[in-house]
Amino acid sequence: MIKRLSSTIKGTDFILYISCILTTIFGCLMVYSATHNEAIDGGLIMGRECLVMIGAASVGIIACIIISVFDYNSIVRIWPIVGGVCLVLIFALFIWGEAPPDRPDARCWLPIIKVSGITINFQPSELAKVGFLVTFAAHLDMVKNEINSIKNVVLLTAHALIPIGLIILTDDLGSAMIFGFMFVGMMFIAGLKLRYFALAIGAFVAVAPILWTKFLSSFHRQRILAIYYPAALSESVYRDKIYQQQRAVNAIGSGGFFGDGFLKGTYTQSPSGIPVNESDMVFSVVGEELGFLGGFLLLAALAFICIWIMRNGRKSATLPGTAICYGTAFMISSQVIMNIGMCLKLLPCIGITLPFISAGGSSNMCIYFAIGLCMSVYRYNRNQKPLSYRYSSINTPFEE
């Protein structure tokens with residue numbers, strides 16, 4: 001028993017685990033600051049969003065260790081169960097899904113339980129991202145030597161379009177885009193030839209007008225136009241759509257290099273500050289209260305986590321392990337880029353959380369499920385040497 005425990009501890013990727021926990025603690029502090037005044041006004045020590053984040057992250061952190069003990073190859077082998085559970089939860093949104101008051105068409109949350117009049121919701125798309133890591137890694141492994149055949153490219157694309165299409169139907173465009181980045185990244189790592197990516201870019205450009213007119217809602221079109229072509233909007237619509245992002249930019253700019261100090265941000269602590277600054281706009285809290293230095297250190301921490309995860313992927317003896325790790329890194333990095341791009345008014349606001357930092361029970365719990373898979377890849381491949389960046393028509397990733 002002691003020997004088994006010692007082996008389990010020795011195989012744990014403490015660098016990744018502790019890095020993620022420390023980043024989450026930092027995120028909790030930022031959410032605490034963002035909700036501080038509202039909590040005080042309500043006679044509370046801590047805001048509900050911060051409490052939910054702490055609870056969900058704690059569950060995720062425990063689950064992360066449990067998942068890491070199991071061989072990821074065994075988890076990949078039960079991909080039909082993993083995929084089936086995720087699909088059932090997504091389909092449930094069309095029956096029981098709930099939407100925020102300002103977005104009645106965005107039915108992205110499932111009500112789970114009501115406690116003291118407060119409904120605890122779950123966002124299936126967050127779990128589906130983790131499920132996609134498993135099911136798509138399994139699919140890639142099945143066709144790894146024939147990935148560049150047209151048949152397999154079509155089937156792999158169809159595999160990705162199923163969750164993307166369903167998520168779009170719930171009007172969660174941001175999550176759908178993250179699935180797209182994960183799909184492209186995992187296909188690249190698995191060795192898909194570049195000509196397919198060129199064809200995909202050309203096809204996207206060709207159908208872009210149809211996507212713009214037929215698939216994007218007026219809400220999303222206005223958000224995009226507010227950033228890239230404000231002249232197409234009336235002054236009142238433009239001010240309404242850009243208000244949140246403009247306030248975030250003002251807050252970040254006011255922080256300067258060192259920031260105004262924790263709990264001292266003018267915009268962050270104002271009752272009429274920045275809408276949803278505990279979630280989508282949490283980077284504005286970092287920028288205002290901790291300044292450029294705080295924002296830079298946060299980005300460095302998130303970059304380190306992604307690089308370390310990819311390092312684990314490079315040392316994997318199997319394609320599924322590599323795909324899972326790189327897919328997780330693409331998931332985290334794409335969310336970071338999109339979220340901070342929104343806060344800096346460089347990208348349209350489409351509702352993307354900042355991993356480990358934004359409030360949200362589902363996102364803070366499920367991201368640790370993915371980290372647990374990456375830690376499993378580390379545990380069962382920790383003695384291997386790093387491999388080449390991409391697989392390409394080879395039977396074994398190791399040199400003789």
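Residues are numbered from 1 along each chain as its sequence is written, and side-chain values use heavy atoms, with hydrogens and water left out. Because the model is predicted, local features need pLDDT of at least 70 and side-chain atom pairs count only at pLDDT 80 or more, while totals for chains, interfaces and linings use all residues.

Start with helix H14. Helices here are DSSP runs of H or I with at least four residues, and they are numbered from the N terminus. H14 has 25 residues. From first C-alpha to last, H14 reaches 36 Å, close to the 36 Å expected at 1.5 Å a residue. That expected span is 1.5 Å times one less than the number of residues. How many residues of H14 are buried? The count is 22 of the 25, so H14 is largely enclosed by the rest of the structure. Buried means under 20% relative accessible area, exposed means over 50%, and partly exposed is in between, with a 1.4 Å probe and protein chains only. After H14 comes Lys345, with a positive phi near 60 degrees.

Now its partners. Two packed helices are described by the angle between their axes and the distance between the axes. Axes are lines fitted to C-alpha atoms, for helices over the stretch in contact, and angles run from 0 to 180 degrees between N-to-C directions.

Partner one is H13. H13 spans residues 282-314, and H14 spans residues 319-343. They pack at about 165 degrees, with axes 8 Å apart. That makes H13 roughly antiparallel to H14. The cut-offs: under 35 degrees is roughly parallel, over 145 roughly antiparallel, 65 to 115 roughly perpendicular, and the rest oblique. H13 passes H14 in a left-handed crossing. Left-handed means the near helix is turned anticlockwise from the far one by less than a right angle; clockwise is right-handed. On the H13 side, the contact includes Leu299, Leu302, Ile305, Ile309 and Arg314. On the H14 side, it includes Cys325, Thr328, Ile332, Val336 and Cys343. Contact means heavy atoms within 4.5 Å. By class, the H13 contact with H14 has 14 nonpolar, 8 polar and 1 charged residues. For those classes, Ala, Val, Leu, Ile, Met, Phe, Trp, Tyr, Cys and Pro are nonpolar, Asp, Glu, Lys and Arg are charged, and the others, Gly among them, are polar.

Partner two is H9, residues 173-190. The axes of H9 and H14 come within 8 Å and cross at roughly 140 degrees. That makes H9 oblique to H14. This crossing of H9 and H14 is right-handed. Among the H9 residues in the contact are Met177, Phe181, Met182 and Ile189. They meet H14 residues including Leu319, Tyr326, Phe330 and Met338. The class count for H9 with H14 is 13 nonpolar, 5 polar and no charged residues.

Thr328 has 0% relative accessibility and so counts as buried. Leaving out residues up to four places away in sequence, Thr328 touches Leu133, Ile309, Ala370 and Cys374.

Next, helix H4, residues 48-69. H4 has 22 residues and reaches 32 Å, first C-alpha to last, close to the 32 Å expected. Its buried residues include Cys50, Met53, Ala56, Gly60 and Cys64. What do the buried residues of H4 pack against? They pack against helix H2 (14-34) and helix H15 (361-379).

Met365 lies in H15. Met365 is buried, at 18% relative accessible area. Leaving out residues up to four places away in sequence, Met365 touches Ala56, Val59, Gly60 and Phe122.

Over to helix H6, residues 79-96, which holds Gly83. Gly83 is buried at 17%. Gly83 and Gly131 are 48 residues apart in sequence, yet 5.8 Å apart in space, C-alpha to C-alpha.

Last, two loop residues. Most residues other than glycine have a negative phi. Asp171 has a positive phi, near 65 degrees. Asp171 sits in the loop between H8 (150-169) and H9, and is buried at 15%. Leu263 also has a positive phi, near 70 degrees. Leu263 is in the loop between H12 (235-254) and H13. Is Leu263 buried or partly exposed? At 28% relative accessibility, Leu263 is partly exposed.
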